[in-house]
Amino acid sequence: MWKRIARHRATTLPNLATFFAQVFDPSIEDDDEADVLWIGTAPQAISTEAALQVLLAGWATISAALVARLTRDQQAATPPTPLQRWTLQLLDGA
C-alpha cells in the first residue's frame with residue numbers, strides 16, 4: 001500500500017558514510033505526522049544502496065536511475081575533514 005501512496009527521498013550523506021531516506025504519507029497534512037519513516041540518521045547506519053533498498057522494502061521503491069546516482073555519489077565522496085571527524089566524535093558521545 002505504501003508503495004503507491006508514499007512520497008520518498010533518498011540520498012547519501014557522504015561524510016557520515018551513510019545513506020538516508022524519508023518516507024512521507026501525502027494524505028496526512030501535518031508534516032510531523034506525515035513523516036512515517038526516517039532511516040540512516042546515524043553515522044555508517046546504511047552503508048550501501050542495496051541495504052537501503054532492503055530497509056525501504058514495503059515502503060518505497062528506488063528507481064534504477066536513483067540507485068545509479070546514489071552509487072556515483074558514494075564513490076565520489078571525500079573523507080571527512082578534521083572538523084567533521086571531531087563533530088562526529090562529539091555526536092557519538094552525546
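Biologist: Why is Arg 69 called partly exposed?

Modeller: In this predicted model, Arg 69 has a relative accessible area of 43%. Buried requires a value under 20% and exposed a value over 50%, so Arg 69, at 43%, counts as partly exposed.

Biologist: What makes the contact between Asp 73 and Arg 69 a salt bridge?

Modeller: The N to O distance between the side chains of Asp 73 and Arg 69 is 3.9 Å. The rule asks for a side-chain nitrogen of Lys or Arg within 4 Å of a carboxyl oxygen of Asp or Glu, so this pair qualifies as a salt bridge. By this rule, the count comes to 1 salt bridge. In general, side chains of opposite charge can pair when their charged atoms come close.

Biologist: Where do Asp 73 and Arg 69 lie?

Modeller: Both belong to helix H4, residues 64-76, and they are 4 residues apart, about one turn of the helix. An α-helix has 3.6 residues a turn, so residues three or four places apart point the same way.

Biologist: Which residues of helix H3 are buried?

Modeller: In helix H3, residues 49-56, the buried residues are Glu 49, Leu 52 and Leu 56.

Biologist: How do you know where on the helix the buried residues of H3 lie?

Modeller: Seen down the axis of H3, they fall within an arc of 55°, so they line one face of the helix. After H3 comes Gly 58, whose phi is positive, near 90°.

Biologist: Which residues form the negative surface patch?

Modeller: The patch is formed by Asp 30, Asp 31, Asp 32 and Glu 33. Asp and Glu count as negative, so the patch is called negative.

Biologist: Which residues make the nonpolar surface patch?

Modeller: Leu 83, Trp 86 and Leu 90 make this patch of about 370 Å². Leu and Trp are among the side chains that count as nonpolar, so the patch bears that name. Leu 90 has its place in helix H5, residues 82-93.

Biologist: Is Asp 35 buried or partly exposed?

Modeller: Asp 35 stands at 23% relative accessibility. Buried would require a value under 20%, so Asp 35 counts as partly exposed. Asp 35 is in strand S3, and its C-alpha atom is separated by 6.6 Å from that of Asp 25, 10 residues apart along the chain.

Biologist: What is the place of Ala 42?

Modeller: Ala 42 is found in the loop between strand S3 (35-39) and H3. Its relative accessible area is 36%, and Ala 42 is partly exposed. Ala 42 and Leu 88 are 46 residues apart in sequence and 9.6 Å apart in space, C-alpha to C-alpha.

Conventions
Residues are numbered from 1 along each chain as its sequence is written. This is a predicted model: local features need pLDDT of at least 70, side-chain atom pairs count only at pLDDT 80 or more; totals for chains, interfaces and linings use all residues. Side-chain values use heavy atoms; hydrogens and water are left out. Buried means under 20% relative accessible area, exposed over 50%, partly exposed in between (1.4 Å probe, protein chains only). Helices (H or I, at least four residues) and strands (E, at least two) are DSSP runs, numbered from the N terminus. The arc is that of the directions from the helix axis to the C-beta atoms. Patches are made of residues with over 30% relative accessible area and no salt bridge: like charges are joined within 9 Å, nonpolar side chains (Val, Leu, Ile, Met, Phe, Trp, Tyr) within 5 Å. Accessible areas come from the Shrake-Rupley method with a 1.4 Å probe; for residues, only the protein chains shown count as cover. The place of a charge is taken as NZ of Lys, CZ of Arg, CG of Asp or CD of Glu.
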